[in-house]
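Dear colleague,

I am handing over the structure below, together with some notes on what turned up when I went through it. Please read the notes with the structure open beside them.

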Amino acid sequence: MSDPRNVAHDKKVKQEKEHQPPASSKETEPREKETTAPAAPDAAAVANHEKSVAVLSKLKEMEFHSRANIETLAELTLTIEDELKQKEFVDPVGVLYSAQDQFQTKITATIHDYEAFVESTKPM
């Protein structure tokens, strides 16, 4: 005959298996995906945010140079018109000044909007 301890142990193991549902691989896979899935978007969100900050920085750099260009064009206009008396170049430089001023206005508005966007998408 078999040892009564082995029979009791086997009976106990059998009862425990009946009370606990078997853990299948299908049930554990979604749980693993649930725990790892949120981490991936966070990493992607952080990477996207960093790239957006870099874009914002470049836009601000362009805006800075745009302001410098406007100042330079204003100085050139005064030099060409008043000092050099080269009237034929006053209008072309004025057109450049106007175009640069329009660019300045548009890039400033874009920076303002993009800053708000970057701030709203900042990962927590």
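In which helix is the place of S52? S52 has its place in helix α3, where helices are DSSP runs of H or I with at least four residues, strands are runs of E with at least two, and both are numbered from the N terminus. Before going further, please note that this is a predicted model, in which local features need pLDDT of at least 70 and side-chain atom pairs count only at pLDDT 80 or more, while totals for chains, interfaces and linings use all residues. Residues are numbered from 1 along each chain as its sequence is written, and side-chain values use heavy atoms, with hydrogens and water left out.

Overall picture

The secondary structure of the chain comes to four helices and zero strands, and the pattern along the sequence reads α-α-α-α. Of the 124 residues in the chain, 14% are buried, where buried means under 20% relative accessible area, exposed means over 50%, and partly exposed lies in between, with a 1.4 Å probe and protein chains only. The chain exposes about 10,300 Å², of which carbon and sulfur atoms supply 59%; accessible areas come from the Shrake-Rupley method with a 1.4 Å probe, and for residues only the protein chains shown count as cover. Among contacts (heavy atoms within 4.5 Å) between residues at least 6 apart in sequence, 79% join residues at least 24 apart.

Helices α3 and α4

Helix α3 covers residues 39-83, and helix α4 covers residues 90-120. The 31 residues of α4 should span 45 Å at 1.5 Å a residue, and this agrees with its end C-alpha atoms, which are 45 Å apart; the expected span is 1.5 Å times one less than the number of residues. The buried residues of α4 are V90, V93, Q100, Q104, I107, I111 and V118.

S52 counts as buried, at 11% relative accessibility, and, leaving aside residues up to four places away in sequence, S52 touches Y114, F117 and V118.

Side-chain pairs

Two salt bridges are found in the whole structure, a salt bridge being a side-chain nitrogen of Lys or Arg within 4 Å of a carboxyl oxygen of Asp or Glu. One joins E115 and K60 at 2.8 Å, N to O; because E115 lies in α4 and K60 in α3, this pair ties together parts that are 55 residues apart in sequence. The other joins E63 and R67, with the closest N and O atoms 3.0 Å apart, and these residues are four apart in α3, which means about one helical turn between them. E63 is buried at 13%, whereas R67 is partly exposed at 38%.

The search also finds one aromatic pair. Y114 and F117 form this pair, which is tilted, with 5.8 Å centre to centre and 35 degrees between the planes; rings of Phe, Tyr and Trp (its six-membered ring) pair if their centres lie within 6.5 Å, and planes under 30 degrees apart count as stacked, over 60 as edge-to-face and the rest as tilted.

The loop between α3 and α4

K85 is found in this loop, and its phi is near 55 degrees, a positive value in a residue other than glycine. K85 is exposed, with a relative accessible area of 56%.
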